[in-house]
Amino acid sequence: MGRGAPYFLRERPDVFHVFLYAPRTEKIRRLRELGKSQSEAEELVDTVDRDRIEFVKHYFNADWPTRCLYHMMINTAIGNEHVLSTILNTLHIMENKLASV
């Protein structure tokens with residue numbers, strides 16, 4: 001939903017917040033695969049992260065990411081399939097726990 005979602009929706013019990021992240025080197029590697037030069041990739045990674053930090057600080061007076069607002073944080077360097085299966089498995093477990101209450 002965007003950078004503001006965990007702040008706007010933090011009180012809703014029907015929302016599952018996942019923060020996806022990757023090491024800087026992984027972000028640069030992915031951008032290089034998309035055709036960016038090394039310097040372009042480095043600048044883009046630094047700019048995007050800086051913009052996210054400034055956005056959250058400006059609009060929510062909080063640090064980005066505010067870890068306590070997320071149900072889980074996943075390092076995407078483990079691969080897309082693992083990321084997806086981790087999220088889906090966790091949602092399934094949570095649904096089962098709620099159903100048994």
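**Close-up views of salt bridges and a methionine contact site**

**View 1. The salt bridge between aspartate 46 and arginine 24.** In this predicted model, aspartate 46 and arginine 24 form a salt bridge in which the closest N and O atoms are 3.0 Å apart. Aspartate 46 belongs to helix α3 (residues 38-60) and arginine 24 to helix α2 (residues 24-33), so the pair ties together parts that are 22 residues apart in sequence. Aspartate 46 counts as partly exposed because its relative accessibility is 31%, and arginine 24 is likewise classed as partly exposed, with a relative accessible area of 40%. This pair is shown as one of the seven salt bridges that the structure holds.

**View 2. The salt bridge between arginine 30 and glutamate 26 within helix α2.** The side chains of arginine 30 and glutamate 26 meet in a salt bridge with an N to O distance of 3.0 Å. Both residues lie in helix α2, where they are four residues apart, about one turn of the helix. Glutamate 26 has a relative accessibility of 14% and therefore counts as buried, the cut-off for that class being under 20%, whereas arginine 30, with a relative accessible area of 28%, is partly exposed.

View 3. A salt bridge joins the side chains of aspartate 63 and lysine 57, for which the N to O distance is 3.2 Å. Aspartate 63 is exposed because its relative accessible area of 54% lies over the 50% cut-off, while lysine 57, with a relative accessible area of 40%, is partly exposed.

View 4. Methionine 94 is placed in helix α4, which spans residues 80-99. When residues up to four places away in sequence are not counted, methionine 94 touches Phe16 and His71. Along the chain, methionine 94 and phenylalanine 16 are 78 residues apart, and in the model their C-alpha atoms are separated by 9.8 Å. With a relative accessibility of 32%, methionine 94 falls between the cut-offs of 20% and 50%, which means that this residue counts as partly exposed.

Definitions and conventions. Residues are numbered from 1 along each chain as its sequence is written. This is a predicted model: local features need pLDDT of at least 70, side-chain atom pairs count only at pLDDT 80 or more; totals for chains, interfaces and linings use all residues. Side-chain values use heavy atoms; hydrogens and water are left out. Helices (H or I, at least four residues) and strands (E, at least two) are DSSP runs, numbered from the N terminus. Buried means under 20% relative accessible area, exposed over 50%, partly exposed in between (1.4 Å probe, protein chains only). Contact means heavy atoms within 4.5 Å. A salt bridge is a side-chain nitrogen of Lys or Arg within 4 Å of a carboxyl oxygen of Asp or Glu.
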